[in-house]
Amino acid sequence: MISLTDFYHVMTAVVPLYVAMILAYGSVKWWKIFTPDQCSGINRFVALFAVPLLSFHFISTNNPYTMNLRFIAADTLQKLIILALLALWSRVSARGSLEWSITLFSLSTLPNTLVMGIPLLKGMYGDDSGTLMVQIVVLQCIIWYTLMLFLFEYRGARMLIGEQFPDTARSIISFKVDSDVLSLDGKEPLETQAEVGEDGKLHVTVRKSTSSRSEVYSRKSNNGPHSGLSLTPRPSNLTNVEIYSLQSSRNATPRGSSFNHTDYGMSFDEESGVRAGNSAYPAPPNAGIFSPAAGGVGKKKGDGGGKDLHMFVWSSSASPVSEGGIHVFRGGADYGNDMAGIGAHPKDYDEFGRDEFSFGNRQGANVGEPTLSKLGSTSTTELHPKIGSAVDAKPTSMPPASVITRLILIMVWRKLIRNPNTYSSLIGLIWALISYRWDVKMPAIIFKSISILSDTGLGMAMFSLGFFMALQPRIIACGNTVATFAMAVRFITGPAVMAVASILVGLRGVLLHIAIVQAALPQGIVPFVFAKEYNVHPVILSTAVIFGMLIALPITLVYYILLGL
């Protein structure tokens, strides 16, 4: 039975965290002490210094040789069970998709262990439970967050390949990615260049695009059967991206677009490659919809030509949203220009800085993002909302597994080496292995240099979360129905599967209670950052973080009391 003293210890550990969060929320929302720019700077300090050093402190002071392997096995089994169920669901159900599988995996298996879990579980079950939470943090940082990155980059690769090579993807035998391409998340303007080798296979190069291209470039080759290669731009489902691909008379690149250039009063000089338009008022360079300034639309050559100049270019400017017309691929700023070139609306205090705040959530592209589809045999293109994205279309072919895996590993590696948490976790684990193996103590000057910042980690992380809450237009951004579903997955499904996994591996007593309660912690912040960066249901994850934090304390207390009966 839980005594009042036990309850007091729990409240002593948790209430200070909520005090920091509420103070930050009030500083922005009520008292206007901090501007959004200042919030962004504080949050950057937290992301680059406070939290990584906090992770290092916890991991480096935990003895890796006394890790509870059975507890770790239960946590790992829970995640593997949910992964297997989601993989099965995505294959057998028409509603299944990679995007929803990623989101549901985040909701059900990745709690806020570092910030909330360690102090809460220490207050409930003592210091030994804090050691178990550190072990979970190590696994999350090194294994599970890396897996999340792998899934997100796989999604980006599928979108890229499905759009560019829907019929010829199996012919791709290599990808080369320029060193300045950091991710396939759709935020960087990218282009692909495919070359047909002597064996008839495709060798694809992925590189950053120029800021804006309004011309179609062609490159002719006289190398026998590979003559007639032309560099033609293609519209992409990737947010705010231009993608170019080499097209040859051997149909090495995807199908052409049926977009009708006459609908927009544009023509294309096939010989010179210069676009001519009849618009007296061309749209500005950063117009966010397809328009004369966004690119040229080519006419198709005659039957004997063998080459197509038929694609148009998406604007890759910072504002790909039309204010007054159709909203297309919301990937840059929240406020865009319309076709007439009307300037952006001024942002008020609450609106300014949402994009600048790295933990913030942009209202826009997510589940209901418009996508392209063709209207029967007509020559126009329709934009309409669709659940999911190009990934849901499940392209009929993909490159060999080894080829696509190598591409994804390249991108994941580039993301990891730029993440300070990667270094803090690995260095902390290496130091712990050395320190506890040979009883080596960290020099006091280094220890104090680290601790002076790591000691601020918990408070600053909660302070940053309060800023994030204050900068959001709504606490429940995804709607009541979806929010209820997300909370059920977070606080019921996750702990239930954890209970099953723990019993299967033989956990009993206090260890079983700790495993279940830590699975009922609020949503982790890192999965939300990934969801926002890759634009996969960010409003759902933001609701899970914010609303989950508000209801986490009573829910975990209910689990604590019920398990203690």
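Trainee: Which residues do ring pairs link into a cluster in this predicted model?

Mentor: The cluster consists of Tyr145, Phe152, Phe530 and Tyr534, linked by ring pairs. A search of the whole structure finds 12 aromatic pairs.

Trainee: Why is the aromatic pair of Phe152 and Tyr534 called stacked?

Mentor: Their planes are 10° apart, with 4.8 Å from centre to centre. Planes under 30 degrees apart count as stacked, so the term applies.

Trainee: What makes this pair a tie between parts that are apart in sequence?

Mentor: Phe152 belongs to helix 6 (residues 127-164) and Tyr534 to helix 13 (residues 525-534), so the pair ties together parts 382 residues apart in sequence. Both Phe152 and Tyr534 are buried.

Trainee: Why is the pair of Phe463 and Phe467 called edge-to-face?

Mentor: The angle between the planes is 75°, and the centres are 5.0 Å apart. Angles over 60 degrees count as edge-to-face, so this pair receives that name.

Trainee: How do you know whether Phe463 counts as buried or exposed?

Mentor: Its relative accessibility is 18%. Buried means under 20%, so Phe463 counts as buried. Phe467, at 0%, counts as buried too.

Technical notes
Residues are numbered from 1 along each chain as its sequence is written. This is a predicted model: local features need pLDDT of at least 70, side-chain atom pairs count only at pLDDT 80 or more; totals for chains, interfaces and linings use all residues. Side-chain values use heavy atoms; hydrogens and water are left out. Rings of Phe, Tyr and Trp (its six-membered ring) pair if their centres lie within 6.5 Å; planes under 30 degrees apart count as stacked, over 60 as edge-to-face and the rest as tilted. Helices (H or I, at least four residues) and strands (E, at least two) are DSSP runs, numbered from the N terminus. Buried means under 20% relative accessible area, exposed over 50%, partly exposed in between (1.4 Å probe, protein chains only).
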